Amino acid sequence: MNDSNTRSRTITQGIERTPNRAMLRAVGFQDQDFEKPIIGVASAYSTITPCNLGLDRLADRATTSLRRVGAMPQLFGTITVSDGISMGTAGMHYSLVSREVIADSIETVCQAQCMDGLLAIGGCDKNMPGAMIAIARLNIPAIFVYGGTIKAGHYQDRELTVVSAFEAVGEYYAKKIDARELLEIERRACPGAGSCGGMYTANTMSSAIEALGMSLPYSSTMASEDEEKAENAAKSAEVLLSAVKTQLLPRQLLTRKALENAIAVVEAIGGSTNAVLHLIAIAHAAQVPLSLDDFDRIGARVPVLCNLKPSGKYVATDLHRAGGVPQVMKILLANGLLHGDALTISGETVAETLAAVPDTPPAGQDVIHSFKNPVAAHGHLAILRGNLASEGAVAKISGVKFTRFSGPAAVFDSEEECLQAILSGRIKAGSVIVIRYEGPKGGPGMREMLAPTSAIIGAGLGDSVALITDGRFSGGTHGMVVGHVAPEAAAGGGIALVRDGDVISIDAEKRTLQLEISEQEFQKRKENWKPPVPRVTRGVLAKYVKLVSSSSLGAVTD
């Protein structure tokens, strides 16, 4: 426990603050309870989204377990927004902003109420990094409980996820399916509670948190509706109380080695590009140096081992049945690609936690490949630089036919403009689509481009066009896409200088992203560029614009 927290609790429990004890009695404290550790249970329960629909059940199990083992839980709420529902709308401006609101709200409650520990429960994409940023800032004993993944939907012979519905829209506008089939896919894509089922952002971040040692083994791939998920919440509470007693603190776990382990796992599972943004932000909160170059360095050594959607075949529940994240980690550990001495929340090292897990994946399944027969020989995330991205950009190259692409630019200053062009058939094969002024400041909020990229796939252009943006991509995006371009257009980055018809070259092997004009012309355009009028001037988005950093630094606000 840090010094300031210890002093605060001493004053709170003493005679000097008797009225505060009186208020705690009103919420259920008895005389003996004032000597027990007070554990904050931060729940993002909401009926806004299926991702968070089951979190109340997990909070109930966690609080019951905490009382049983001798702690005093204090339940409080934090927000969530649904990325899937807001995707392609103005609401997506608030998605990344919600990460900061979640982190700030959890930090605020735990500091104001002098919590001895924290059990955070989250489901949708920004819940995980938001909670982890708060955990790293607070540095009181903490554990994360993932709400669990949704089970796959089914239509005819296909397994469906939420991305199936987005891609079906593109197929409908391309006249590949009719309105009846579009409706049937929509009806079946999300059959119940849980986070989006492929290796999209939510499941990527839950897997990364497990790799960080901040949640229990196997917990990141459990289905939300299964009983083992509720049992996991109860067990997490027990482990947290042990960490409180031994004062095992988050920054003892969130080390450089742990973050490198998380990056290795993200590469091996074919995870979302958003993991780059979020892990850098978590590292910043934990005061651990981490940069874009670390992803390239680790990705060069780590193969893609898992055949998971969006570029692969299977969903998170399939990964769970095949051995989950511990099986992936053990393969990496056995081949010298994981730090086995990194600590976990249980007090054991990674190597000790994985001791009973086989070095090779189980036979008779195609979800987790062996180290000798990987899905891809090296990681799927490539960090590109050039005159279009002097600070860096993130490309996802899993499942693409070509790692090099060059073509004329089709430039759009918003996601909506681009989507309309795709759906109306105005995007031609060979084009490099540019969506700009969608970065952290320019968007504001760095929206995800799932609607345009899904429309591209649905229209049959996935292998014949490329897309670059200073915005983000959903974990469900696949194809030749480059996001997080920095500096962003609103800051006068190279992406702001592109004109329709300019040739853009993408080379994932050489790690370059280049606007093919002369240096003289580039500088001339830069001198003539003027910043746009801000899109917002009041409210939370305006405050975010004033505070947020470049995406290359994690888009942090502190």
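Ala-42 stands opposite Phe-76 in strand S2 of this predicted model, and the two strands concerned, S1 (residues 38-43) and S2, run parallel and are joined by six bridges. They belong to an open sheet of four strands, which has the order S2-S1-S3-S4 and parallel pairing.

**The parallel sheet**

- Strand S2 (72-77) and strand S4 (142-146) stand at the edges of the sheet, and because each has a single partner strand, one side of each is left without a neighbour in the sheet.
- From one strand to the next, the twist of this sheet averages 20°.
- Helix H6 (residues 127-138) lies across strand S3 (117-122) and S4, and the direction of H6 is at about 175° to that of S4.

- On the H6 side, the contact is made by Pro-129, Met-132, Ile-133, Ala-136 and Arg-137, while H13 contributes His-278, Ala-281, Ile-282 and Ala-285.
- Divided by class, the contact of H6 with H13 holds seven nonpolar residues, one polar residue and one charged residue.
- Helix H9 (residues 201-212) also packs with H13, in this case at an angle of about 40° and with the axes 10 Å apart.
- H9 and H13 are therefore oblique to each other, and H9 passes H13 in a right-handed crossing.
- The residues of H9 that take part are Thr-201, Thr-204, Met-205, Ala-208 and Leu-212, and they meet Asn-274, Ala-275, His-278, Leu-279 and Ile-282 in H13.
- In the contact of H9 with H13 there are six nonpolar and four polar residues, and no charged ones.

**Strand S13 and the strands paired with it**

- Four of the five residues of strand S13 (residues 503-507) are buried, so S13 is largely enclosed by the rest of the structure.
- Strand S9 (residues 404-412) pairs with S13 in the antiparallel sense over five bridges, and in this pairing Arg-404 stands opposite Asp-507 in S13.
- Strand S14 (residues 512-515) likewise pairs with S13 in the antiparallel sense, here over four bridges, with Ile-504 standing opposite Leu-515 in S14.
- S13 and S14 form a hairpin with four residues between them, and Arg-511, which is in the turn, has a positive phi of about 65°.

- Ile-422 is found in helix H18 (residues 415-423), where Ile-422 counts as buried because its relative accessible area is 7%.
- When neighbours within four places in sequence are left aside, Ile-422 is in contact with Ile-427, Pro-452, Ala-455 and Ile-456.
- Between Ile-422 and Gly-299 there are 123 residues of separation in sequence and, from C-alpha to C-alpha, 32 Å in space.

**Backbone features in loops**

- The peptide bond from Lys-309 to Pro-310 is cis, with omega near 20°, and Pro-310 is found in the loop between helix H14 (292-299) and helix H15 (316-321).
- A cis peptide bond also leads from Ala-486 to Pro-487, with omega near 0°, and Pro-487 lies in the loop between strand S12 (481-486) and S13.
- Gln-156 is not a glycine and yet has a positive phi of about 55°; its place is in the loop between strand S5 (153-155) and strand S6 (158-160), and Gln-156 is exposed, with a relative accessible area of 63%.
- Gln-247, which is not a glycine, has a positive phi of about 55°; Gln-247 is found in the loop between helix H10 (227-246) and helix H11 (250-253), and at 24% relative accessibility Gln-247 counts as partly exposed.

Technical notes. Residues numbered from 1 in each chain as written. Predicted model: local features only at pLDDT ≥ 70, side-chain atom pairs only at ≥ 80, totals over all residues. Heavy atoms only, no water. Pairing = 2+ DSSP bridges. Axes fitted to C-alpha atoms, helices over the stretch in contact; angles between N-to-C directions. Contact = heavy atoms within 4.5 Å. Nonpolar A, V, L, I, M, F, W, Y, C, P; charged D, E, K, R; others polar. Buried < 20%, exposed > 50% of the residue type's maximum accessible area, 1.4 Å probe, protein only. Parallel < 35°, antiparallel > 145°, perpendicular 65-115°, else oblique. Left-handed = near helix turned anticlockwise from the far one by under 90°.
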